[in-house]
Amino acid sequence: MSRTSPNIIITGTPGVGKTSHCELLAERTGLAHLSVNDVVKERECHEGWDDEYQSWIVDEDKLLDAIEPQLKPGGCILDWHACDLFPESWIDLVVVLRVETRVLYDRLTARNYPEKKLQENIDSEIMQVLLDEARESYDEQIVVELQSGTTEELEANVERIEAWVRQWREDRAK
Ligand code: DAT
């Protein structure tokens, strides 16, 4: 698949800062922020609502069909708490955001997560589930792990990814 702009995944446990990173990046790079949660909801790529987890039960095939036309020409920032379902050939960079347990606990408590969902997400961050998932699903050279505990880290991460996008575009223009 040949793209004129890169596709980037920003992933990590809920609360690590995916939305915050994607919004800033979209503003500064002109890439489109694709919130997979919104796509699942709006385009009904799900098999119903899980009341216990307070989340949609995702139909992955339907989701991939829904986003493929947008991903094909490139230029998308995918924002989701999973990354292993996207075909490797669609993706140019995978950023896994990480945060300390204590900070994540406060962020998720502020969101009023049900106790079971809160605990599972904390465990998932401790066990670095998303980082392992990214490393298993993509070439390790395109997987980057970044800390997202403070606003300084957020700013530095966004600058770093912006620079990467600039370089990607320059390399393709040659
Ligand atoms: P996600 O989309 O991964 O669920 P978010 O961007 O909604 O995460 O962030 C959750 C909360 O934490 C939100 O109130 C913003 C805050 N936050 C995220 N990353 C941060 C950072 N690096 N520094 C300070 N606050 C951050």
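Helix α3 covers residues 60–71, and at 1.5 Å a residue its 12 residues should span 16 Å; the end C-alpha atoms lie 15 Å apart, which agrees. The model is predicted.

Leu63, Ile67 and Leu71 of α3 are buried. These residues lie on the same side of α3, because the arc they cover around the axis is only 60°. Asp61, Asp65, Glu68 and Pro69 are exposed and sit on the face of α3 turned away from the buried side. The buried residues of α3 pack against two kinds of element: the strands β2 (32–35), β4 (55–58) and β5 (76–80), and the helix α2 (36–42).

In soluble globular proteins, nonpolar side chains tend to be buried together. The largest nonpolar core here contains 35 residues. Ile9, Ile10, Ile77, Leu78, Val94 and Val95 have the most contacts inside this core. Leaving aside residues up to four places away in sequence, Ile77 touches Ile8, Ile10, Cys22, Leu25, Ala26, Leu31, Ala32, His33 and Leu34.

The ligand is surrounded by 15 residues, and the closest are Gly17, Lys18, Thr19, Ser20 and Leu154. Helices α1 (18–29) and α7 (151–173) each supply at least two residues of this shell. The make-up of the shell by class is as follows.

| Class in the ligand shell | Number of residues |
|---|---|
| Nonpolar | 3 residues |
| Polar | 9 residues |

Methods:
Residues are numbered from 1 along each chain as its sequence is written. This is a predicted model: local features need pLDDT of at least 70, side-chain atom pairs count only at pLDDT 80 or more; totals for chains, interfaces and linings use all residues. Helices (H or I, at least four residues) and strands (E, at least two) are DSSP runs, numbered from the N terminus. The expected span of a helix is 1.5 Å times one less than its number of residues. A residue is buried if 20 or more other C-beta atoms lie within 10 Å of its own, exposed if 12 or fewer, and partly exposed in between; C-beta atoms are placed from the backbone. The arc is that of the directions from the helix axis to the C-beta atoms. Two residues are in contact if their C-beta atoms, placed from the backbone, lie within 7 Å. A nonpolar core is a set of buried Ala, Val, Leu, Ile, Met, Phe, Trp, Tyr and Cys residues joined through C-beta atoms within 7 Å. A residue is near a molecule or strand if its C-beta atom, placed from the backbone, lies within 6 Å of it. Ala, Val, Leu, Ile, Met, Phe, Trp, Tyr, Cys and Pro count as nonpolar, Asp, Glu, Lys and Arg as charged, and the others, Gly among them, as polar.
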